[in-house]
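Q: Hey, can you walk me through this protein? I'd like to start with one residue and then look at the whole thing.
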Amino acid sequence: MENNENPTFSSQEQTNAKVVKVHKCPICGKLTDSAQYRPFCSKRCADIDLGMWFNEGYVIEGKAQADEEEGE
Ligand SMILES: [Zn+2]
């Protein structure tokens, strides 16, 4: 039971430890390896991106509505 050599397993473990997926946060431009909030570096940046999309859609919708009602 002491001859427990498994080349496949050991090679896999080495790969996992070596590969660190670093990417650039599109909001603050910081390099991050966060997998939870990809592609952002943190929940804060993810929230900022979400807020930007929400605000944009809201403004455009409100503007179009106001423009249409002002046509007498
Ligand atoms: Zn960020």
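Q: So where does Val 20 sit?
A: Val 20 is in the loop between α1 (7-18) and β1 (23-24). Helices here are DSSP runs of H or I with at least four residues, strands are runs of E with at least two, and both are numbered from the N terminus. Residues are numbered from 1 along each chain as its sequence is written. Keep in mind that this is a predicted model: local features need pLDDT of at least 70, side-chain atom pairs count only at pLDDT 80 or more, and totals for chains, interfaces and linings use all residues.

Q: Ok, is Val 20 buried or exposed, and why?
A: Val 20 is exposed because it has 7 other C-beta atoms within 10 Å. The cut-offs are 12 or fewer for exposed, 20 or more for buried, and partly exposed in between, with C-beta atoms placed from the backbone.

Q: And how much of the protein is buried?
A: Buried residues are 6% of the 72 residues.

Q: Switching topic, which element has the lowest mean pLDDT?
A: That's α1, at 55, while strand β2 (residues 31-32) has the highest, 96. pLDDT is the predictor's confidence in each residue, from 0 to 100. Where it is low, the predicted coordinates should not be read in detail.

Q: Which residues does the cis peptide bond join?
A: Arg 38 and Pro 39, with omega about -5°. Pro 39 is in the loop between β2 and α2 (43-69).
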